[in-house]
Amino acid sequence: MELPPSHSPATRAAALAAAFVCYRRGSPGRGLALRAVRRAVRQGIDGVGTKYHLELLLEDILDKDRTVNCTAEVFYHLGNKTTAPDVQFTIEGELKNADEADDIFYKRIKSLEKELVAENIPDSHGNVSPEMEPVRLLAWAASGYVVWQNSTENTKFQLAQIKHVKQVKRSDEYLEFDYTILLHEMVSQEIIPWQMTVLWHPRHGVQVTQDSQKPKHTSE
């Protein structure tokens, strides 16, 4: 069934697809966000689940004039909240090359004498300092994994803020960061604290090795 692009189920499935794309293709040098839903078709599969066929427009977070088209399929498993939705996507067009920005960030963090520690990104005025922008984009990509793993047909998550981030010293080639983030669940309007441990290397992409929802009072 064809859905109006602004229809709530369509926008929820599109938000999940965009989060998944950013998890797979995002980095400290490149963040992707949903600009628009161009087309949405919902297909009920009896006794199995619901599939959404989507045509999306994604934008670069740092350069909103740079957009790409994306087709995606999102499949929600019927009545099973422990199984993440299945997401497949195809990017049509060229994403911004992030190799140089990623390498600069990687070398900067590797050269620090003390591990990076920061909090409240963006700050209460919505500002992000240039040196923290890659840290935010890495969290944006990693939060896509958390969104994917915890989404249902009735949720719509987005990263609201990094409350705290601490680099973890490693002896191998990877960078490791321990994040506490706030996720905005837009249907219930809840703000949910979440902890995630993130590994990253310019050649190997983003990995979330551990994540868990935190009690709400720890977000203060």
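## The open sheet

Five strands make up an open sheet in the order β1-β2-β3-β4-β5, and their pairing is antiparallel (two strands pair if DSSP finds at least two bridges between them). At the edges sit β1 (2-3) and β5 (86-92), each pairing on one side only.

Which strand does β1 join through two bridges? That is β2 (residues 32-45), and the two run antiparallel. Glutamate 2 has valine 41 in β2 as its bridge partner.

## About the model

This is a predicted model, where local features need pLDDT of at least 70, side-chain atom pairs count only at pLDDT 80 or more, and totals for chains, interfaces and linings use all residues. Residues are numbered from 1 along each chain as its sequence is written, and side-chain values use heavy atoms, with hydrogens and water left out.

## The whole chain

The protein chain has three helices and 10 strands (DSSP runs numbered from the N terminus: helices are H or I with at least four residues, strands E with at least two). Starting at the N terminus, the elements go β-α-β-β-β-β-α-β-α-β-β-β-β.

How much of the protein chain counts as buried? Of its 220 residues, 49% do, with buried meaning under 20% relative accessible area (1.4 Å probe, protein chains only). As for contacts with a separation of 6 or more, 57% come from residues 24 or more positions apart; a contact means heavy atoms within 4.5 Å.

Along the principal axes, the C-alpha atoms of the protein chain fill a box of roughly 55 × 40 × 35 Å.

Methods
Buried < 20%, exposed > 50% of the residue type's maximum accessible area, 1.4 Å probe, protein only.
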